[in-house]
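This briefing walks through one protein model.

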Amino acid sequence: MLIAGFPAGAWGTNCYLVAPAAGEECVIIDPGHQAAPGVEEALKKHRLKPVAVVLTHGHIDHVASVVPVCGAHGVPAWIHPEDRFMMSDPEKALGRTIGMPLMGELTVGEPDDVRELTDGAKLELAGFELTVSHAPGHTKGSVTFGLPEAAEIPPILFSGDLLFAGSIGRTDFPGGSMDDMLESLARVVLPLDDSTVVLPGHNEYTTIGQERATNPYLRQVAAGQGADAPRAPRRGM
């Protein structure tokens, strides 16, 4: 398995390219603000051919380069239907007034081919299977993508802005909900094996075992506490 990742743009959003090996087809996860040059560099370096873009949620820092990346390679973009509107209306997703500047000139809108994700779907792309888990809280349409354990590679969770090393995503934007976030952590994250590697939407990677032991939000959920329990600082846009 080949996973090439890099932080892109003003928000340092992690974009990932996932392939069975160099020289093969790949899936691009979350090509956000100013990610297109990094995507092209990684494609060239590893001799990859993209077959799809998949999105953990619709915030502009995760989708800003979807149109140019999909257009350059003629591939579809997959997103949960609850977040689809954000590709064309990023200001609404962030609670901003239409017309307010948003990081200068951005290419917003939908690519030619948009497909909708559903909870529990298994996407057969580029020779491997991504399992989709609907995980609202950061946004209504947030999802995670799971890769099963294979050979010497542990299971992998692309967590988007659900789970970070030591924290979770913000819930104060339109469509966010701390109650939903905690429910998603309980349903999607807690059942995972401790060996699962977490590749988040921002900052460094971690493991489920590390987060189960140290993440205050995950410990809160494991203890059965609700949204009114004391909270640590959250991360992400």
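In this predicted model, helix α3 spans residues 66-73, and its buried residues are Val66, Val69 and Cys70. They sit on the same side of α3, because they cover an arc of only 95° around the axis. An α-helix has 3.6 residues a turn, so residues three or four places apart point the same way.

**Helix α3 and its surroundings**
- Gly71 and Ala72 lie on the other side of α3, where they are exposed.
- What do the buried residues of α3 pack against? Their partners are strands β3 (25-29), β4 (49-54) and β5 (77-79), together with helices α1 (36-46) and α2 (60-63).
- Glycine 74 follows α3. The phi of glycine 74 is positive, near 60°.

**Histidine 134**
- Histidine 134 is part of strand β8.
- Is histidine 134 buried or exposed? Its relative accessible area is 17%, and buried means under 20%, so histidine 134 counts as buried.
- Neighbours within four places in sequence are set aside for the contact list of histidine 134. The contacts then include His80, Asp119, Lys140 and Arg187.
- Gly141, Ser142, Val143 and Val188 are also among the contacts of histidine 134.

**The largest pocket**
- The volume of the largest pocket is about 170 Å³.
- Three strands each supply at least two residues of its lining: β8 (128-134), β9 (143-147) and β10 (156-160).
- Which strand gives the largest share of the lining? Strand β8 does, with 3 residues.
- Glu129, Thr131 and Ser133 are among the lining residues.
- By class, the lining holds 7 nonpolar, 4 polar and 1 charged residues.

**The whole chain**
- The protein chain has 7 helices and 14 strands.
- It contains 237 residues, and 53% of them count as buried.
- Take the contacts with a separation of 6 or more: residues 24 or more positions apart account for 62% of them.
- The accessible surface comes to about 10,100 Å². Carbon and sulfur atoms hold 50% of that surface.

Conventions:
Residues numbered from 1 in each chain as written. Predicted model: local features only at pLDDT ≥ 70, side-chain atom pairs only at ≥ 80, totals over all residues. Heavy atoms only, no water. Helix = DSSP H or I, 4+ residues; strand = E, 2+ residues; numbered from the N terminus. Buried < 20%, exposed > 50% of the residue type's maximum accessible area, 1.4 Å probe, protein only. Contact = heavy atoms within 4.5 Å. Areas by Shrake-Rupley, 256 points an atom, 1.4 Å probe, with all protein chains shown as cover. 1 Å grid on protein atoms, 1.4 Å probe; cavity = no way out; pocket = protein on both sides within 12 Å on 5 of 7 lines; lining within 4 Å. Points joined across faces, edges and corners; volume = space filled by probe spheres on them. Nonpolar A, V, L, I, M, F, W, Y, C, P; charged D, E, K, R; others polar. Arc of directions from axis to C-beta.
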